[in-house]
Amino acid sequence: MASLANFFSQMFSKNENIPEAELIKKPGTGNLKPDINAHKPDQAWSKLKNQQNMANVASLKPGMPMREDRIRFVCISDTHAQLERGAPLEIPQGDVLIHAGDLTMSGEPREVAIVNKYLGTLPHKHKIVIAGNHDMTFDSEFMANKHKSRFFTFDSNDSYQQDLAKYGVKHIQNMLSNCTYIEDSMVQIYGINIYGSPWTVGSGSWGFQRARGSGIVSIWNQIPTNTDILITHMPPLGYGDSVQGTLSVARLKPLFGIPPMGLKDHVGCVDLLRTVQSRVKPTLHVYGHIHEGYGMRTDGTTTFVNASMCTLKYRPINPPLVFDFPLPPGVTKQDFMDSPLKWVIPTECGEDYELVGENEAEGRCGDIDNRVDKNTKGAGESYDDNNVEFVDEDKATGAEGSVDNSDCDVDEADAAGRECSQ
Ligand SMILES: [Zn+2]
């Protein structure tokens with residue numbers, strides 16, 4: 001197990017002596033081609049695992065005093081609107097809360113309202129949030145084709161619009177008034193570049209999904225090389241990406257009569273791992289999606305954080321994962337009081353929206369109804385799914401496999417068809 005001292009020194013080395021201006025250099029992008037085993041994650045891992053220098057990393061104990069020269073990050077993911085039910089786990093104090101997606105079960109406005117209210121009760125100065133596959137309503141492309149999904153719960157676009165109207169917004173993202181929502185975009189906090197992307201591999205029956213291979217690689221190639229903390233909903237291959245059962249169990253059950261225990265399949269993305277390890281090399285990579293993969297690991301360069309709070313059965317019992325990010329020598333939090341959050345790559349808001357302000361409350365797409373309003377539309381004007389642009393063109397809409405919310409969505413005929421509903 002890597003010592004905490006080593007962990008801190010890894011954090012420290014990334015930003016040491018780098019002037020702030022350097023951190024806002026023009027973002028680099030990638031030209032990675034899909035791995036030859038992009039569609040076969042188990043085979044891909046068999047080839048790569050012996051090259052990995054993986055070690056577990058312990059989360060910082062929540063009671064540790066916070067310091068002026070270190071930024072405390074508290075990581076959560078896959079809360080699925082469950083924290084607000086019953087007695088939630090305590091969320092530790094920190095400077096920045098990161099949520100790596102799946103705020104909700106299906107992205108319904110009533111869920112988003114509950115989540116936003118809950119986020120508003122948390123003490124962190126900054127709360128950085130991405131969506132996940134369950135947060136379907138955040139994906140405009142999905143919403144335009146929602147008739148293809150059997151998970152969408154609204155009767156019609158009208159009923160969805162009426163639901164949004166109850167909350168005074170026309171755009172679901174604008175319900176998140178108590179956090180900063182990022183989507184294939186980057187913010188800088190305390191000089192630390194944080195990039196977030198909601199995409200996972202899958203057939204498109206959930207939100208923000210692309211096929212393994214060239215579909216998802218085009219997303220990962222957009223991640224800027226100067227990312228210090230990467231947030232994705234998708235786990236990289238091998239680092240907290242195993243699911244129990246699925247293909248191996250389906251294949252072996254006839255031989256043993258019962259599902260063999262302990263068999264696990266990798267479902268992470270090899271091309272995300274390659275992007276992280278060969279090009280971006282962030283200090284931290286935070287994600288979720290595969291609930292069973294909860295935990296922190298390091299490869300010696302990047303610390304990988306699967307922050308899934310919910311179990312496979314959607315019980316939110318995994319504690320938040322906490323770490324301190326040291327600032328460069330002589331720099332303290334006070335040095336950033338005048339500019340606490342900067343947009344480096346703004347979230348794409350579409351032509352009728354614009355990004356407003358720099359601070360936590362305003363640094364997101366301005367709502368055209370009840371917030372800063374530069375392009376006013378008339379009340380009652382219909383919502384246009386096409387107002388939000390997306391960056392890629394070939395989102396997969398392949399055949400759906402069988403789905404059980406408590407397990408992975410498996411195409412038993414071919415491991416390439418594997419996707420996960422988590
Ligand atoms: Zn989940």
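**View 1. Asp 241 sits in the loop between β10 (229-232) and β11 (242-244).** Welcome to a predicted model, in which local features need pLDDT of at least 70 and side-chain atom pairs count only at pLDDT 80 or more, while totals for chains, interfaces and linings use all residues. Residues are numbered from 1 along each chain as its sequence is written. Is Asp 241 buried or exposed? Asp 241 is buried, with 28 other C-beta atoms within 10 Å. Here a residue counts as buried if 20 or more other C-beta atoms lie within 10 Å of its own, as exposed if 12 or fewer do, and as partly exposed in between, with C-beta atoms placed from the backbone. Leaving aside residues up to four places away in sequence, Asp 241 touches Pro 235, Pro 236, His 266, Val 267, Gly 268, Ile 290 and Gly 293. Such a contact requires C-beta atoms, placed from the backbone, that lie within 7 Å. Tyr 294 is 53 residues from Asp 241 in sequence, and their C-alpha atoms are 8.6 Å apart in space.

**View 2. Strand β13 (residues 284-287) is covered on both faces.** Leu 284 and Val 286 lie on one side, His 285 and Tyr 287 on the other, and all four are buried. In a regular strand, side chains alternate between the two faces of the sheet. Two strands are said to pair if DSSP finds at least two bridges between them. β13 runs parallel to β10, and 3 bridges join them; Ile 231 has Val 286 in β13 as its bridge partner. β13 also pairs in the parallel sense with β15 (residues 303-306), over 4 bridges, and here Leu 284 stands opposite Thr 303.

**View 3. β14 and β15 form a hairpin with 4 residues between them.** In the turn, look for Gly 300, which has a positive phi of about 100°. The two strands run antiparallel and are joined by 4 bridges, with Thr 298 opposite Thr 303 in β15. β14 (residues 295-298) is also joined by 2 bridges to β1 (residues 55-56), and this pair runs antiparallel. Ala 55 stands opposite Thr 298 there.

View 4. β2 (residues 70-76) pairs with β16 in the antiparallel sense over 6 bridges. Within this view, Arg 70 stands opposite Pro 326 in β16.

**View 5. Helix α4 (residues 109-121) has 13 residues.** The helix reaches 19 Å from its first C-alpha to its last, close to the 18 Å expected at 1.5 Å a residue; the expected span is 1.5 Å times one less than the number of residues. Which residues of α4 are buried? They are Pro 109, Glu 111, Val 112, Val 115 and Leu 119. Seen down the axis of α4, these buried residues fall within an arc of 150°, so they line one face of the helix. That arc is taken from the directions from the helix axis to the C-beta atoms. β4 (126-129) and α6 (157-166) are included in what covers them. On the other side of α4, Arg 110, Gly 120 and Thr 121 are exposed.

Terms used. Contact = placed C-beta atoms within 7 Å.
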